[in-house]
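Work through the exercises below with the sequence and the model open. Try each task before reading its solution.

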Amino acid sequence: MSARPLIFGILNITPDSFSDGGKYFAADAAIAHGRQLAANGADAIDIGPASSHPDAAPVSAEEEIRRLAPVMEALTAARIPVSVDSFRPETQAFALAHGAHWLNDIRGFADEALYPSLAASDARLVVMHSIQREGNADRRATPEGDIAEQICAFFDTRIAALTAAGIARERLILDPGMGFFLGPKPETSFEVLSRVGEIRDRFGLPIFISVSRKSFLRAVTGRSPGEAGAATLAAELLAVERGAGCIRTHEPRPLSDALAVLTRFETVSGQD
């Protein structure tokens, strides 16, 4: 492990999250949980105002902003770095205007109309690949061929468009997608997980991995989302070992503790 990855704590402010069932939909509950995630080792809080799983209901930008506003205000006032997980340009513009340090877009910043605002900001951009391209995950089959090459071709196109618009390349973070964003078969996510280092080396940019409680881990273990902590931690540590620079997780404390142990082990054993 060459460097400790950044930990993004997941804060779903939705009534229909697959992982926590609307537990933090109310603003006061969301704010309290965001603070707890930071106390548990998250370097940033990734706030999701709309669910993106295959059965999620669509949410307007106006509703996303209504959900975000009090939570962002409270967390930024507490000097907790915030990431906003939305593909809607209006929501992204609101997030930029209200102190977001990162934008996390499952469409990979497809809307060029927002590019001037992105270029004028200093927020970092998590550019996510998905086989859907248009938004939420669904259950379509993974396209035939080398999935890592398809992911890299997507990143080639997006990086070229964003940098041509004046967005500095070093502001970009690449997310290859996981779970249904890659297709319904667990093997596809495991293959991409195994090739994180290959993708990182090809672009020389940080790789952002979000495997927490996802369907491909539950398919292997037979666990519910609430019981998937051990499987999640194993996959996150594999991603770190393969070179991921950012991990998005529901449970930052186990990951932070595990990384502390690995760092101490490497120090004592003389590994890099």
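**Exercise 1: the sheet**

Four bridges connect strand β4 (residues 102-105) with strand β5 (residues 124-128), and the two run parallel. The model is predicted: local features need pLDDT of at least 70, side-chain atom pairs count only at pLDDT 80 or more, and totals for chains, interfaces and linings use all residues. Residues are numbered from 1 along each chain as its sequence is written, and side-chain values use heavy atoms, with hydrogens and water left out.

Task: find the bridge partner of W102 in β5, then give the order of the strands in the open sheet.

Solution. 
- Step 1. Helices (H or I, at least four residues) and strands (E, at least two) are DSSP runs, numbered from the N terminus. Two strands pair if DSSP finds at least two bridges between them.
- Step 2. Start at W102. Its bridge partner in β5 is R124.
- Step 3. Extend to the open sheet. Its eight strands follow the order β6-β5-β4-β3-β2-β1-β8-β7, with parallel pairing.

**Exercise 2: strand β8**

Task: identify the bridge partners of G9 and F208 in β8, and decide whether C246 is buried or exposed.

Solution. 
- Step 1. Take β1 (residues 6-12). Four bridges join β1 to β8, and the two run parallel. G9 has T249 as its bridge partner in β8.
- Step 2. Take β7 (residues 208-209). Two bridges pair β7 with β8, again in the parallel sense. F208 has C246 as its bridge partner.
- Step 3. Check burial. Buried means under 20% relative accessible area, exposed over 50%, partly exposed in between (1.4 Å probe, protein chains only). β8 spans residues 246-249, and both of its faces are covered. C246 and R248 are buried on one side, I247 and T249 on the other.

**Exercise 3: α2 against α3**

Task: classify the angle between helix α2 (residues 61-77) and helix α3 (residues 89-97), and list the residues that meet.

Solution. 
- Step 1. Get the geometry. Axes are lines fitted to C-alpha atoms, for helices over the stretch in contact; angles run from 0 to 180 degrees between N-to-C directions. The α2 and α3 axes come within 9 Å and cross at roughly 20°.
- Step 2. Classify. Angles under 35 degrees count as roughly parallel, over 145 as roughly antiparallel, 65 to 115 as roughly perpendicular and the rest as oblique. Therefore α2 is roughly parallel to α3.
- Step 3. List contacts (heavy atoms within 4.5 Å). From α2 come A61, E64, I65, L68, A69 and M72; from α3 come E90, T91, F94 and A95.
- Step 4. Sort by class. Ala, Val, Leu, Ile, Met, Phe, Trp, Tyr, Cys and Pro count as nonpolar, Asp, Glu, Lys and Arg as charged, and the others, Gly among them, as polar. The contact of α2 with α3 has seven nonpolar, one polar and two charged residues.

**Exercise 4: α9 against α10**

Task: repeat the analysis for helix α9 (residues 229-242) and helix α10 (residues 252-269).

Solution. 
- Step 1. The axes come within 10 Å and cross at roughly 45°. That makes α9 oblique to α10.
- Step 2. In α9, L233, E236, L237 and V240 make the contact; their counterparts in α10 are P254, L255, A258, L259 and L262.
- Step 3. By class, the α9 contact with α10 has eight nonpolar, no polar and one charged residues.
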